[in-house]
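Please consult the sequence and structure shown below alongside the text.

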Amino acid sequence: MTTPLLEVKDLHVSVDGTEILHGVNLSVAAGEVHAIMGTNGSGKSTLTKVIAGHPDYEITKGDVLYKGKSIIEDEPEDRARAGIFLAFQYPVEVPGVSNMYFLRSALNAQRKSRGEEELSGAQFIELVKEKAKLVDIDQGLLNRSVNEGFSGGEKKRNEIFQLAMLAPTLAILDETDSGLDIDALKTVADGVNSMRATERAFLLVTHYQRLLNYIQPDQVHVLLGGRIVKSGGKDLALQLEEKGYAWLEEEAATA
Amino acid sequence: MTETNETVQALAEQEYKHGWSSEVESDQLPPGLNEDIVRAISAKKNEPQWLTDWRLRAYRHWLTMPEPDWQKPKYPKIDYQNIIYYSAPKKKPTVESLDEVDPELLETFEKLGISLDEQKRLTGVAVDAVFDSVSVKTTFREELSKQGIVFCSFSEAVHDHPELVKKYLGSVVPYTDNYFATLNSAVFSDGSFCYIPPGVRCPMELSTYFRINTAGTGQFERTLLIADEGAYVSYLEGCTAPQRDENQLHAAVVELVALKGAHIKYSTVQNWYPGDKNGKGGVFNFVTKRGTAHENAKVSWTQVETGSAITWKYPSCVLKGDNSVGEFYSVALTRDHQMADTGTKMIHIGKNTKSTIISKGISAGQGDQTYRGLVKILPKAHGARNYSVCDSLLIGGKCGAHTVPYIESANKSAVIEHEASTSKISDDQIFFLRQRGLSEEDAVSMIVNGFCKDVLSELPMEFAVEAQKLLGLKLEGAVG
């Protein structure tokens, strides 16, 4: 059996002394797309931030393995350089820093850490042109300050653009679909689909089944009250759309 | 007492043959300040009587002035009788190559991107014939003098261009101006002088790289820049490299005169020793800088203040002529126990005068800073306009930022706008940038440089890149 790309083992996580995740187990193999669904406050965002290494979250028990190695002691930048990418639910603004400058610095920091040569200005521009087409992002946005004055949809598109530029091995998308109109949703989905590859895995966090119409997941997990209460195929998402989460909550309570 | 006076007398009478640039080892006056000392300084520099008298008037006026204490950063009492007011520049110890220089200093140079030749100059490495600083200096001076530009030490100017010095010295900052400027007027050691003739655009940035006699003149420096009608000059002062100095008090005076239609751009990067982590030591940078803009003239100040234990200065513009323009772009960074009380004064006298103030303050650690600025519109300044932006960025929970704008308008047609903001570097911003692969330090540096962009973009290109790196370096270890 091959080692999964990502393995979350009995993960307990607290923030400011309150436990939010109560023993999450998850295994994602390279080449797969997994969706995590659940109600507000069920711990979905927490899970994505813990995998990416946000310093506010304390792991009290359990482990997160990436390519078979524990990463919970690693700095966020080290995880990023190892190929973990998180598309944020609420992308932050960085006033005065141009998108292009930021991305080139980030990309070159990652390349350098892998012992690859840094991209020259011309090579970088080439790559930008290619990837901008992929996610249909306006070139004008690229020269503006990171997310400053962007609409909600533009911010999300920008996240997917960064994803395309950085080409990670594990891409985690935290509610990238929320707040998007149908055209933007399709663009985002097309971007993700075009990046699917045997060596790359996706973890999609979403409220709605809608996104999964465009991106076919291999597995769907339901996170409720800090635990994964049910896993299944893409049919599970359709079931949730139809029946809501209440029946699962009951099931979880009686289990 | 008599002995001291005799020594002073003897020193004063000693003939000053070779001009300021000749180096006489251990040529200094005893500590303390009195009229004899002021006379002795003047005599040492072989100054004409009018300048000796000017210094004495300043000294006598200084005696009547109380030391100000309205500023926010307080400092221990300075013993003015314990300062040595004249000391000839000592020869810097020369080393053979950069291999003999403190590796930590070299690493800093490396990070700042300072060229090898510049590194050698800063560390006192003996330079080879091709890059001999004297020959470089001479070459540039020749090129400048072809266009009639005078660029020399203040002392040289006193001898070679007395009419210009006499006409403009104290014309912008009179010797009665303020406690520290008045002290400077009495005891100033040396500095730079620059004159650009009418209609001439100075073909290069005049920078400290080619400055004469900077070593050892730092404490009471005096700079006078005159741009004649329609002339343009861009002047750089300071250096991104860390500068140490035994003298705690620095009280410099800079006077700019922009005659009709002239444009002076004055840029400063200040990185004096800030003291140790506990706030011990460090330079007190109490400087008076002011420019007068005549009709259609423009005076622009850009400053990046990152050093000193206390920075206390207000580079100002007197907009005397109609349609004159004043600009002030400032980045001040305080960390550990550094304090800054800085800003500008824009005095609108002429009609349709315009001023712009962009101030960016960054505080980290227990750093504390105050933006203090005055916009004053006089009764005849019809159609005057001012636009001010004062932004503060806080890093961590123990630092402080204060904004104290003074606005006085005596003309109803004036339009004055003031914007101010205070923000913190958010953990989410840092996490976002780290998630994309940047180190924590690079993330902070990127956020800070973004915050300062509007000011840094005013600096001459090369300087801007160095200044950006400097801000990043200064913040190392300031977060987390």
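Two residues are in contact if their C-beta atoms, placed from the backbone, lie within 7 Å. This is a predicted model, in which local features need pLDDT of at least 70 and side-chain atom pairs count only at pLDDT 80 or more, while totals for chains, interfaces and linings use all residues. Residues are numbered from 1 along each chain as its sequence is written, and chains are lettered from A and ligands numbered from 1 in the order in which they are written.

**Confidence**
- Residues 209–217 of chain B also have pLDDT below 50, with 24 contacts in the model beyond near neighbours in sequence.
- Chain B has a mean pLDDT of 82, and 79% of its residues reach 70 or more.
- The model scores are ipTM 0.95 and pTM 0.82.

**Chain A**
- The C-alpha trace of chain A spans about 60 × 40 × 40 Å along its principal axes.
- Of the 255 residues in chain A, 43% are buried (20 or more other C-beta atoms within 10 Å of the residue's own, with C-beta atoms placed from the backbone).
- Of the contacts in chain A between residues at least 6 apart in sequence, 70% join residues at least 24 apart.

**Contact between chains A and B**
- Chain A contributes 21 residues to the contact and chain B contributes 17 residues.

Terms used: A residue is buried if 20 or more other C-beta atoms lie within 10 Å of its own, exposed if 12 or fewer, and partly exposed in between; C-beta atoms are placed from the backbone. pLDDT is the predictor's confidence in each residue, from 0 to 100.
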